[in-house]
Amino acid sequence: MTFAMSDKPYDKSERVNLADEKVHWDLGSSLSYGEYLHLEKVLAAQQPLSAEHNEMLFIIVHQVSELWMRLMLHELTAALAAIRKDELDPALKMLARISRTQAQLISVWGVLSTLSPSEYSAFRNELGRSSGFQSVQYRLLEFTFGNKNADMLAVHKRDAEGYERLRRALEAPSLYDEVLFLLSRRGYEVPEDYLSRDFSEPYRASKQVAAAWLAVYHNSQVHWELYELAERLVDLDQNFQLWRAHHLKTVERVIGYKPGTGGTSGVQYLTKALELKFFPELWTIRTSM
């Protein structure tokens, strides 16, 4: 099939007519779009260390991911504050937004996976020991969701501010801890030692907590807010697991079974986290329903 080019001369009338649009051609003292978003800073932050064409992709993918994580932390902080005040309507909206943001993070791996092993190898040495393993924001998300691991602090020692943020998040109640406080305030039986535990320690699943969640699901019409909250938590957990799985497959596709630049074993290390769940009882009770 062939497509013939039109012999019709270009007609200016075919352009979008702006005559009846009240466009602000002169911004006066108002901020411009670029000024409001500080685009001169944002778009100057991509500084490849090599002459390789594909390094720009690698930088932008990771910077975009950090921006999405910035939004997730913003929403998560506000959601925690709302849950502490028993204000579940705004908390549910914020958690739903985090889930949508997670979908964007997952999709980013598809872009990075267009990088072939040879293309990545051409500039990989420029990274030195820098690695996503050192992302303060990612670790803050994991700590705040509930995956506490004090050993992870050590890699952040050279970043005093980041280290302190992580230390506070490690010692503070996680999202799940705050939800269990809420369950207790709403009359559900949560073990006392779970309400006053050392929050820097990893969470351990509880049969009593599972029983409390089963009661919520069996009485969903009475406690609809708690039921909805539980489902939002499952969304977050599932998306985090999908993010990890896509991360693993992208790493496997791009570098195979080489060690990571941060010193981990790469794919083998990422495999260890695939079965991790932030809210374990919300998964185990499904078999009992």
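Are Y194 and Y203 buried or exposed? Y194 is buried, and Y203 is buried as well, where buried means under 20% relative accessible area, exposed over 50% and partly exposed in between, with a 1.4 Å probe and protein chains only. This is a predicted model, in which local features need pLDDT of at least 70, side-chain atom pairs count only at pLDDT 80 or more, and totals for chains, interfaces and linings use all residues. Residues are numbered from 1 along each chain as its sequence is written, and side-chain values use heavy atoms, with hydrogens and water left out.

Let me turn to the aromatic residues. Rings of Phe, Tyr and Trp (its six-membered ring) pair if their centres lie within 6.5 Å; planes under 30 degrees apart count as stacked, over 60 as edge-to-face and the rest as tilted. By this rule there are 18 aromatic pairs. One of them joins Y194 and Y203 edge-to-face, with 5.6 Å between centres and 80° between planes. Both tyrosines belong to one aromatic cluster, whose members include W109, Y138 and W243.

Next, H156. This histidine lies in the loop between α6 (136-145) and α7 (160-171); helices here are DSSP runs of H or I, at least four residues, numbered from the N terminus. H156 counts as buried because its relative accessibility is 3%. Beyond its neighbours within four places in sequence, H156 has contacts (heavy atoms within 4.5 Å) with residues including F133, R139 and Y163.

Key
Helix = DSSP H or I, 4+ residues; strand = E, 2+ residues; numbered from the N terminus.
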